Every structure is written in structure tokens, then in C-alpha cells.
Protein chains: 2
Amino acid sequence: MNAPVEFWFDFSSPYAYLASERIDALAAKHRRGVDWRPMLLGVSFKAAGQRPLVEIPLKGEYSKHDFERSARLMGLPFRLPDPFPVGTVSAARAFLWAKTRHPAEAKALAHAAFRAYFSAGRNISDSAVVLDLATQAGLPRAQVEAGIADPAIKEALRAEVDGAVARGVFGAPFFFVDGEPFWGSDRLDQVERWMVKPW
Amino acid sequence: MNAPVEFWFDFSSPYAYLASERIDALAAKHRRGVDWRPMLLGVSFKAAGQRPLVEIPLKGEYSKHDFERSARLMGLPFRLPDPFPVGTVSAARAFLWAKTRHPAEAKALAHAAFRAYFSAGRNISDSAVVLDLATQAGLPRAQVEAGIADPAIKEALRAEVDGAVARGVFGAPFFFVDGEPFWGSDRLDQVERWMVKPW
């Protein structure tokens, strides 16, 4: 088995949602696992002097169209949520808490959070929503709730996010294949080619 | 024959260079021509509140790496020129002058300008370089020179650029297939799919 592909995501990124529905199967095809790593786009944007895509004149309108068109092409349900974007710190902490303790359920929570936000329009910035999704994913609600509030988890997420920025993660989704960086769901083809053979 | 694909480009865009080497063959495969349309990224950037990619922290470094890696994957020569980016108003005017008068040579000039800048590192912001390339492409040097300085050509380019921005062209390359907008060389696969069948 080769080293896992790093998949950096923010639950509020439409393109990360699209990638989240493909990356595991893509990696498995090439005998790789995937290390799902939450980050916070707000921190990356600040470091890179950027702002949310939909707030940018012209590009914002195009992007909304492109989210939907790309999702349709991939056969994935998509509806731009309102509000958008939202803060995802609770969801990221819940995922991080679960990741080492209940890996399978953590992955289920991640998929559930992306789908709840981008398909069902549920506001995942709300901790209560995150806890409902965690419970449905088979995680112990009270422990997840304590995890979200745990200073050690807060610090762990901060370290993840700062570490990502230090490695040049300026947006989401962001991938590393054996250290090689790729940004965007439209780089999934290059991610796959790099797994086969770097060029 | 179906309607031509619109291909909007700035001679200073690396991704437009990559697309310029593929778009004609791609369109021809689907019985389409290509309408090559010059724009000026500086104007688009201003309208969208953006700035050149390489000036953006983190994203700039990644982009330089991505230009080269994407070019290698496509089997195209690429070397990031210095200075980069440059103003391309003379090259755009020369192209626009030639486009209606000598279409085949205009296309040859466009390819020559992209390659001179991104492969040979020649500074295409210099009118003398543009005139040399135009001459090599089979265009009448003195007439191109007069064209670059012609108020009617200046106005024609301004109208092209303003018209592009009015249609939401915030970056390059930018394509329209039967009115459907696509941004970026990494959307060439979607451009092709849209020619086959919109989804």
C-alpha cells in the first residue's frame, strides 16, 4: 500500500464537496488510502489576501453557475445553500475529534455534513445540526459535544490549519500526493495521473 | 458547421497559452471553428477586483509550479518569462488588425506571440518584437505598425475588451460554446463535452 493521499477540505467549499464524493474511490483504484484533513478557508484566505469566491464581481456569478454545472456533470445533487459560505469550525472540530477515535464514523460524518449543506441546505455552522449529523453517523452525541468544546481539540484544529497554511494550502480542496500539491476539484485528473506516475 | 467556439485570451496568460495549443484541434474534432478574441487581463482584473496570480501570496507560488507542471503534462514547452506578466496591448492590436484582413496570418501571429513569450522568453510587450513576429508570420510589417497606431484599431480593441467584461469575462482563457461560459484551461474537457451535448 502506498502513502495515503492528503485531502484538505472546508465543509463550506462546494468544490471540496464535489471532490469528497470522488477522492476515496479514485485513491482506492491506485491502492491508496485518503487522509481527510479539515482546514478553515477563512484562515487560508486571510493568509493569501483572498475572499470568498461568490463575493468577487463577475467571478462570483460565474462560480455559482460552475458549481451547479460541475455537480450535474458528476451526477451529484447540488443546491447553493443560504447562507453561503458559513463558518465550519464546529463541524471541523467534531470531525477531528472523531477521526482518531471512530475513523469510519468520522468519514460518515464528513459525507453527511457536505451533503446536508450542499444538497439539503441545512446550516452546518449550527453546532446542533452538527451533533444531529454526528449522531446519525453513529457517533456518541454527548462525547462529540464535549469534543467540540475541548481546548485540546480546538488547539489540534488550529495546528492543522496553521500547518496547512505553512505548507501553502491557500484554498480547498487541496491535495498532496507524496508531497506534490494540487489545488481544486478540477485537478482530480492530475491527482490520479500523479498516483500512476509523476511526470 | 456549427457556430464557432469563442476563445478569449490575453497573450500574457500562461493558461491561455496552454489552451491556444489545443482549442483549434478540439473544436475541429466537433466540426467547429474557433473565433480567437483578444482581451486585456488588466481590465478584467480591475472589473473583478483581482490582481495577477503570481502576486498573490501562497497561490502565486503554487501557480508558477502549476503552469510548468500542466505544460509538461500537455507536452508543451514552457518557461515562466521575465518580466511576467507584461502588457499586451500592442500584440492584441496587431492581432485584431490582422484578424479580418489576413485571418491565417493572424492566427500564425497569435501562436508565434504565445510561443515567443512562454517558450523563448521574448518580451512581447515591446512593439518591435510584435512587428518581428508579425513579419515572420507573413504579415506586412509597415501596415501592422500603422494598424497598431490606428485610432480605429485602438477603439476596436477597447470595444472588444469592454464587451468581454460586460459578458462576465473576468479571466483568461475564457470560452463560450453557443453562449455557455467556461473559464480556464482546466475547463477544456467541459468545453469539449458541451460541444458534444450540453448537460
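Figure 1. The C-alpha trace of chain A spans about 45 × 45 × 35 Å along its principal axes. The model is predicted, so that local features need pLDDT of at least 70 and side-chain atom pairs count only at pLDDT 80 or more, whereas totals for chains, interfaces and linings use all residues. Residues are numbered from 1 along each chain as its sequence is written, chains are lettered from A and ligands numbered from 1 in the order in which they are written, and side-chain values use heavy atoms, with hydrogens and water left out. Of the 199 residues in chain A, 54% are buried, where buried means under 20% relative accessible area, exposed means over 50%, and partly exposed lies in between (1.4 Å probe, protein chains only). Chain A exposes about 8300 Å², of which carbon and sulfur atoms supply 53%; accessible areas come from the Shrake-Rupley method with a 1.4 Å probe, and for residues only the protein chains shown count as cover.

**Figure 2. Secondary structure, contacts and charges of chain A.** Chain A contains 10 helices and 4 strands, in the order β-α-α-β-α-α-α-α-α-α-α-β-β-α along the sequence; helices (H or I, at least four residues) and strands (E, at least two) are DSSP runs, numbered from the N terminus. Among contacts between residues at least 6 apart in sequence, 71% join residues at least 24 apart, a contact being defined by heavy atoms within 4.5 Å. The side chains of chain A include 25 positive and 23 negative ones, and the centres of these two sets lie 3 Å apart. Lys and Arg count as positive and Asp and Glu as negative, while His and the chain ends are not counted; the place of a charge is taken as NZ of Lys, CZ of Arg, CG of Asp or CD of Glu.

**Figure 3. The parallel pairing of strands β1 and β2 in chain A.** Strand β1 (residues 5–9) pairs with β2(A) in the parallel sense over 5 bridges, two strands being paired if DSSP finds at least two bridges between them. Within this pairing, A:E6 stands opposite A:D35 of β2(A). Strand β2 (residues 34–38) is largely enclosed by the rest of the structure, because 4 of its 5 residues are buried.

**Figure 4. The hairpin of β3 and β4 in chain A.** Strands β3(A) and β4(A) run antiparallel and are joined by 4 bridges, with A:F175 standing opposite A:F182 in β4(A). The hairpin has 2 residues between the strands. In the loop between β3 (174–177) and β4 (180–183) lies A:D178, whose phi near 50° is a positive value in a residue other than glycine. A:D178 counts as exposed, at 51% relative accessibility.

Figure 5. A:R122 lies in the loop between α6 (103–118) and α7 (127–136) of chain A and is partly exposed, with a relative accessible area of 30%. Apart from neighbours within four places in sequence, A:R122 is in contact with A:A116, A:Y117, A:V129, A:D132 and A:L133.

**Figure 6. A:L58 and A:M74 in chain A.** A:L58 is placed in the loop between α3 (41–48) and α4 of chain A; its phi is near 65°, a positive value in a residue other than glycine, and at 26% relative accessibility A:L58 counts as partly exposed. A:M74, in helix α4 of chain A, is likewise partly exposed, at 23% relative accessibility. Leaving aside neighbours within four places in sequence, A:M74 is in contact with A:L18 and A:R22. A:M74 and A:R22 are 52 residues apart in sequence and 9.3 Å apart in space, C-alpha to C-alpha.
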